[in-house]
Structure formats: C-alpha cells, structure tokens
There are 4 protein chains.
Amino acid sequence: MNAEATRQVDEVRATVARLHGELTRYGLVAWTAGNISARVPGQDLMVIKPSGVDYDDLSARTMVVCDLDGVLVQGDHAPSSDTAAHAYVYREMPQVGGVVHTHSTYATAWAACGESIPCHLTAQADEFGGEIPVGPFALIGGDDIGKGIVATLTGHRSPAVLMRNHGVFTVGRDARAAVKAAVMCEDVARTAHLARVLGRPVPIPQADIDALYHRYQNVYGQRTAPANS
Amino acid sequence: MNAEATRQVDEVRATVARLHGELTRYGLVAWTAGNISARVPGQDLMVIKPSGVDYDDLSARTMVVCDLDGVLVQGDHAPSSDTAAHAYVYREMPQVGGVVHTHSTYATAWAACGESIPCHLTAQADEFGGEIPVGPFALIGGDDIGKGIVATLTGHRSPAVLMRNHGVFTVGRDARAAVKAAVMCEDVARTAHLARVLGRPVPIPQADIDALYHRYQNVYGQRTAPANS
Amino acid sequence: MNAEATRQVDEVRATVARLHGELTRYGLVAWTAGNISARVPGQDLMVIKPSGVDYDDLSARTMVVCDLDGVLVQGDHAPSSDTAAHAYVYREMPQVGGVVHTHSTYATAWAACGESIPCHLTAQADEFGGEIPVGPFALIGGDDIGKGIVATLTGHRSPAVLMRNHGVFTVGRDARAAVKAAVMCEDVARTAHLARVLGRPVPIPQADIDALYHRYQNVYGQRTAPANS
Amino acid sequence: MNAEATRQVDEVRATVARLHGELTRYGLVAWTAGNISARVPGQDLMVIKPSGVDYDDLSARTMVVCDLDGVLVQGDHAPSSDTAAHAYVYREMPQVGGVVHTHSTYATAWAACGESIPCHLTAQADEFGGEIPVGPFALIGGDDIGKGIVATLTGHRSPAVLMRNHGVFTVGRDARAAVKAAVMCEDVARTAHLARVLGRPVPIPQADIDALYHRYQNVYGQRTAPANS
C-alpha cells in the first residue's frame, strides 16, 4: 500500500470510529451489538468495527481493515461477526460506500413481526421514499444475510431493510449517510409503532409520497448532499 | 443596517442558536430534523437554523437571517427547508415572535393518526387551554404549511398545532416561549398516549379548563411572563 | 432569626436546591414543572423552589423561604405556584419533613385515568406497602389540593398520591425520602403500565405485601433509615 | 488473609464498583435498587454492593466482602439486602463467578405477568439460547430467592431468570458477563414487549435457535470469550 492509499485508509478508520458515537448517542445499540463499515474509495477494501469491543474503546487504531471478501487485511482484532454481510453488500452494490447494522429497539420490533413499516410520515417519505421493507430470515455464517439485504434493497428507494427476527441494515453513499438512515429508521419506526397503538394512522397518498421523496433527494440541504431541516 | 440593528440581529442569532440545545436536551429531534426561528424585534427579519447542519455545529455565526418572505439576507448557509412556513406565520401573526418545528415522537404519533390531543391534564389546560388541535396535511415547497398553521391556530388558545402526517409547529411571543410550548406539547402528548393505552382517561370539565387556563396565563411565574411550577 | 436558625435555614436551602437535580436525572420533570420543599426543623418554616425558574439556575441562594401558611419570608423570587399545597401538608402532617410534586409521565397517566396503581411488584410492597392511591381532582389557588393530599394519605401506608388529572405528590420524613418516593413511584408506575399492556399481571397476596412492607421499613439499609438494595 | 489474597480481593472490589456504572448507563436501576457481586477466585468469598448506598458513592473502598453464607467479613457498610440470594447461587453453582440483580423495567413487566420471554430475536438466541424463563415468587429473608434462581437456571441455557413479581437475576462466569446478560435481558425484553404490542411476532424454528446459540457461544468475539457484533 503506498503512502496515499495508507493515508486514505487511516482517514476512513477515523471516520468509522467516530461515527459509532452516533449509535450510542441515539440509543441504537446495547453493549457491543451494532456496527458500522465504510468502503475505502478506489480500493477493494472496507474498514469495519472489531468484534466484541466496547464502544468506549473504539478508535481509529482499533478499527480493522478487510478486503471485500471479508478477509482481515490489517488490524489487531478480529473483524465484526457481521463482516460477511457488509462485504457482500459492497461487492454487489457498487454505489454503496457505507453500511450500518443495529438491533435498534422499535425497528427490530417491526422486524420481529415480519412487518414492513407503512408510510404515514412526511419524514419517512423524504428519507425512505415510502415503506421500509422487511427482508428474509437468514442465519449468520455465510452470505445469506448479505443476499437478503441486497435482494430487498435492489430497486427499492429505501436505504434501510428490516431483516426478519434480527434487526436493521442501512446503506448510503458513505458511512455518514448510512448512519443517518439508521437514526431516521429508528425514529420513524418508533413514531409508527406509537401511532399504530394509539389509533388509525392516516395513509399518505402515493403521489404525495413521490413528490416529497423527489424534492428531498434533489433540493434540500447545503447543496452538497441531501439533508433535512 | 445600522449598528443598533446589527447588534440586535446578533443578539437574536445567539438566542436562537442556544435554544436549539433545548430540543436535543428534551429529545425532541433526531439528526437535523427540527428548527427554531425568532423575529428580530422592530425589523422585518427573522433568524432561523441553517438547513442540514448538525445541532453540535450550531452557533450565533452559523444561524441565517431571512426577510419575512423567507429570502436569505445574511448568512453563509442555506436557510432551513421549513423557512417558508416560519415566514408565513410571522407575516400573518404579528403577535408571534418565535416559531418552533419538530417531529417529536409522541406528538407526531397523534399527528399521524390525524387526532387532536384531548385535555385530560391540568398542565395541558394551563399551557394549551384545552385540546391541542390537528392541522391539515400540506406539502412543503410553498405557503401550504404556513397557511395550515395559521388557519388552525387563529382564534385557538393553543400555541401548538399537530400538522397531519408531519409533526408539530409551536408559536410564542418570543422563541423561548415557543420552545417551552414544544417541550410541553411532547410531554402532554406522551402522557395522553400512555393514558389512552392504559385505560379510560377522565375528561376535565370545560369550566375547570377555563379556570386553569386563565389563572396560568395571568397569575403564575415571576411576574414578567407566564411560567409554571 | 438568630445565627443558629439562619445556619439551619441555609443548610435546608442547599439540600433542597441540590435534590432538584434528582428530578432531572430521573426525567421526572419537563421545563419547570416540578418542585421540592423541606420543613426547617424546629421552625415554622419551609424552603421551596421559586416559581418558573429553570432547574439549571437553582441554587441555595435562589430557593425561597415561606411560613407554613405559604407566605414568603425570605428570598428574591416568588415561591412555587404549588406552595399552598406543600404548606397545607406541613400544617396537617407534623411527621412530614419533605414534600415533592411532579407530573412524571407514567404516574400521571394513571392519574389521568383516575386509577390507583395495583401492587404487582415486591419493590412497590417495600416502598408503598400496597397500591398507590388516587386523590381527588382539585383546582389550584386555595387549600383544595392540600386537602386532597392529606385526606388520601392519612391512614395510608403509601407516601405517594396520584392527584386525578394532575400528577404526583409524595411525602417523607425529610426531603430526600420524599424524592426517593417520587423516583420509585414513577419506576413502579412505568413497570405496572407495561405489565398491564403486556398481559395479566399476577396479584401479590396481601399477607406477602404486609411481610415485605414491614421488613423493608424496619430492617433494610445502613441502620439509619429505610433504604433498599 | 495474605498479601496476594488481599490484592485479589482489592481487585475484585474495584471491578465490582466500576461495573455498577453500566447499570446506571443502561438505565437498569432506580435509586439504589440493583446490585452486582463477584466471587473472589480461589477464596470462599464474594464482593457485593453495600445496602442503600447511592451509585454515585460506590467505590472499591465502599464495597463489602462476605463469605459464601452471606456473613460480612470486611467492609464499613451492611451488605446488600439481596446478599443471601447471591451467596446461595455461589454455593450451589460453582461455575458462576458473577451475579447481577435489577428491577429493569421491561424485564420486570414480564416478571409481573409471570411470563417467560419467547424467543423471536436472533440476539436472544445468541445470548440466552431460547426463551428467558420465569422463576417462582419468593419472599426475601432466607434462601427462597436463591433456591428459585438455582432451580430455574439449572439445566437451562439462559443466564437470566425473571423472578415473578420481583425482577431479574443474571449469572455469568464473571461479573462482567453477568452484567452483559442483564443489559441484553432488558434489551430483549423491551423489543419483545414492543413486538407483542405491535402485532404477531414470528417464532424462530428451534433448529435455528440451536444453531445461533452454539455458534455464538463458540465462535464469536476476540477469542477470549463469547461476545457479539
């Protein structure tokens, strides 16, 4: 690896380590049960959380580097046990630069019921373009989880999938966008749960969902990337 | 802009930036999805949050200044995507000095069901004078949201409106009062949700609601403004 | 007031100011909507929170001192709008040294339904000796709230009462014990709510409730006062 | 006690004191209502939380040391009122090196209903190997609680038991593993509660539960101990 490639890997290590702080800030993870990865631009590499290491102990140095088959290339720890799923997504979805996995509470409750989250909120139309879909039940230990993620997200607007009986995977053009999708997925899942328990949530007409989604993806934010508020 | 006008704008910038800390403290916002604005007293200007900027990065300097048509007058960032709604409120409701918008969870669950929050709590009678009303579904991108807010709040005691399928807008004589209304709206929405799920909430007779509201608006606090406890 | 009496008042001011930090730590209060008072031992005085002052701005200095009719004796701010209720309790219940009032969410949901909290938890048997009772609806502005508190708690084991459509009042031999009762009341109210929503909570036989209560009040802690764990 | 034994006790004191910070970080405890203990390796001693002492005031010094009959051996405070239950577990389950007790909210709601938590989540299959069982109602003050814990956990995969109408006890090869089980138990109890309220949680086939459990216990983490992510 030449000096520029090394510098780039180190930058991604720092970014991925830092972004894990958003998972704890928003209460999306318990103990060590969630992880973030990022593709290293222009290299067939990904940076991912080490397995079973406390969020407090994460730093650029403790992150690990794998190739896109999930094989450890660099680092002092074993990679996350979810590495195979992340790697599969990077291999099959070239536009994806970041992947996040959590068992965030409300989203995982929808996943436990095998139900997609219907779109009753403008914020969901903005970020997810409609319902948040459910993916199949899949066992860890091979490519099954990765295949389920890719099969569900391909051709779908949503950057988030609820893997049945398991939890959430989100993707984005970079790790920060995938983290944003994970935060918004839990926020939307919680509000949708509370609305369902409260009464009869009112559907948003499909044409309005489409209008909101297209505006949000193309107009909002500081002109460098979609963003809200 | 003369020196005094500039000084006044700077003071409002600092206040609005600081008040955003209450939105995160009370858990009313996820990622960048809520915003506060304030009218600049005596000038046809408002200070508002920039679009898509993290709450951690907000400061007096990063706030933006718009005229009351929502056109950027001063600032390095694009204004909040909700600027048109804030601006419409300032144009149509001259007594309003501050506006807050959130997707706070429980209030937005009521909004997703298109239900107003009935008044079962003395704290709600105090602050909102009765039910918290629902406004229409409205698309972003013009004056529709602003019109829905103004049509719902005009002639109503409540400083908060639940915009259907969307979230909450609150108003106040200044930005701090609007923030207080946003905090109390979520608090009341949560308790009312839990009471509905638990059993049969007991209505408060209208005469008692009236008595509580009038006392609270006229008697409480440190004599400079309504306040509770 | 002689030097010793002044010293004692100052000590109570510091204790009451500090204990308000437990209300925010445990999320029992929003904005300025809860308050703590303490009787000054041996004097017909109470120290209480000022009205409408932020929890961040509370200090020994900002607390106010009232007589047991609720009349301001010392302090730069108006006393809490709930002062009359606190004062009534001190006049009628000489064994009470501290009073706490909150609108804590789950307890207030039970109060909104006018339901007492049935005893399905050993922790509730320990601290409250059985159900947590509901008191009457009462308007602020006279002695009605105080009378409702005293009428409900007199002859009852529970140091907490759910005032209908309003919130919680707790009492204790000192302010710390009343704060503990407020914290435990919300904890028990939340668990009881979740159990009700989940399934069929199992009653604890009265003889077991009695045994738990008597042991806890007489045996636990570091021998200076009842305490748990 | 020789110097090496003393050093070892001191090390366990520090570990147990520090681990209590995880109980407050994850919101598993209110006031002083939860406790952690650890066996001192190679000695018939345990280190446990003192009774009724604030979590803020816990330190290696304030911890207490008991023998495995629960009799105080060393320390300035009375041991936790749950000491007899911890001691019984250490006497009867030699493989256990740590015990945790909490009244964490969602797990205790299941306990109040006398219902075990069915396994609808891969994370539950990983950590608990299937359902989390309910133990009997038992009064404090003798060995009844300890007996109920041991009878329920013996021959069961789960390191957690929901004691009916009471709360959770978890065990582990050391105190950190028991704390992890307590954190994951509440996380799973919360998601399972929300799924039940939302709809129809989908069961995981027993063969898949078995596969997940065996993999997690034998393959995950940094090769020194089972861990996830």
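Modeller: Where chains D and C meet, 39 residues of chain D are in contact with 34 residues of chain C, contact meaning heavy atoms within 4.5 Å of each other. Before going further, please keep in mind that this is a predicted model, in which local features need pLDDT of at least 70 and side-chain atom pairs count only at pLDDT 80 or more, while totals for chains, interfaces and linings use all residues. Residues are numbered from 1 along each chain as its sequence is written, chains are lettered from A and ligands numbered from 1 in the order in which they are written, and side-chain values use heavy atoms, with hydrogens and water left out.

The size of an interface is often given as the accessible area lost when the parts come together. Between chain D and chain C the buried area (accessible area, taken with a 1.4 Å probe, that two parts lose on being put together, summed over both) is about 3,100 Å², and carbon and sulfur atoms give 60% of it. On the side of chain D, the residues that lose the most area to chain C are D:Trp31, D:Cys113 and D:Asn165, which together account for 24% of what that side buries.

Turning to charges, the count between the two chains, D and C, is two salt bridges, a salt bridge being a side-chain nitrogen of Lys or Arg within 4 Å of a carboxyl oxygen of Asp or Glu. In one of them, the side chains of C:Arg176 and D:Asp54 meet with 3.0 Å from N to O. Helices here are DSSP runs of H or I with at least four residues, numbered from the N terminus, and both α3 (105–112) and α6 (175–198) of chain D supply at least two residues each to the side that touches chain C. The largest share of that side, six residues, comes from α3(D). Sorted by class, the side of chain D that touches chain C holds 16 nonpolar, 16 polar and seven charged residues, where Ala, Val, Leu, Ile, Met, Phe, Trp, Tyr, Cys and Pro count as nonpolar, Asp, Glu, Lys and Arg as charged, and the others, Gly among them, as polar.
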